[in-house]
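Biologist: I would like to go through the sheet in this structure with you. Could you bring it up, please?

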Amino acid sequence: MRIRAALFDVFGTLLDVYSVTRRAEELFPGHGSRLAIAWRDKQIEYSRLRTMSGRYVPFSQVTREALEFALDLLSLSCSVTTVRELLDEYKRLTPFPDVTPAFEAMLKGGVELGVLSNGDPEMLEAALVSAGLHRHLDFVLSADQVRAFKTDATVYGLGPRALKRPAREIVFVSSNGWDACGAAWYGYTTCWINRSGLPLERLGVQPNRIGTDLTTVTDFLLKDYA
């Protein structure tokens, strides 16, 4: 099997969600890091709860509500303007330094590239354009199309439908171990980019490749399957 297609998670895999820390620290000195972590944790939790309960709202709303919770959790009072300033940081998240070189290498090697994200289309467009990644992508797939979030099978099903390939012939790449496992459950060939040095999830399945940056993906596609 020669794999020539890859789908990437966006938030946390291509774009650093914790790059919001700088602005959070400017607005709330001494609390920036704690706010960024609480915000991200609640964002993921809310996406799961809404999917399990069949109460979908766009990821941009999930992100806003998670921020509001995190601010309350840390007893940080702020204006509507301040909330908007923090939410705007998601339009300009910092791409990880390994992303562009990896994308360029894979495109040169004839690999189709796309993203499969919980983000809604407007949110994805703003973030990907700001990071300069949109020009590398053949597909931008949003969970909003099926009104559920990962790890719901309907979200992962967007990939084979759009790329017109079976899941096993697509590499799904995520920095979230649970996401890589969810994609493996669905049938993708998977790469977990373990940027945070976390232990393997105990979910009865393992990614096909594990590494700390996207050279894991380029090596897998351009060397192992050359």
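Biologist: In what order do the six strands form the open sheet?

Modeller: The order is β5-β4-β1-β6-β7-β8, with parallel pairing. Strands here are DSSP runs of E with at least two residues, helices are runs of H or I with at least four, both numbered from the N terminus, and two strands pair if DSSP finds at least two bridges between them. This is a predicted model, where local features need pLDDT of at least 70, side-chain atom pairs count only at pLDDT 80 or more, and totals for chains, interfaces and linings use all residues. Residues are numbered from 1 along each chain as its sequence is written, and side-chain values use heavy atoms, without hydrogens and water.

Biologist: Which strands stand at the edges?

Modeller: β5 (139-142) and β8 do; each has a single partner strand, so one side of each lacks a neighbour in the sheet.

Biologist: Turning to β7, is it covered or open?

Modeller: Strand β7 (residues 189-193) is mostly covered, with five of its five residues buried, that is, under 20% relative accessible area with a 1.4 Å probe, protein chains only. Thr-189, Cys-191 and Ile-193 point one way, and Thr-190 and Trp-192 the other.

Biologist: And how many bridges join β7 to β8?

Modeller: Three, and β8 covers residues 209-211. Cys-191 has Arg-209 as its bridge partner there, while Ile-193 has Gly-211.

Biologist: What about β6 and β7?

Modeller: Strand β6 (residues 171-174) pairs with β7 in the parallel sense over four bridges. Val-173 has Cys-191 as its bridge partner in β7.

Note on methods: Buried < 20%, exposed > 50% of the residue type's maximum accessible area, 1.4 Å probe, protein only.
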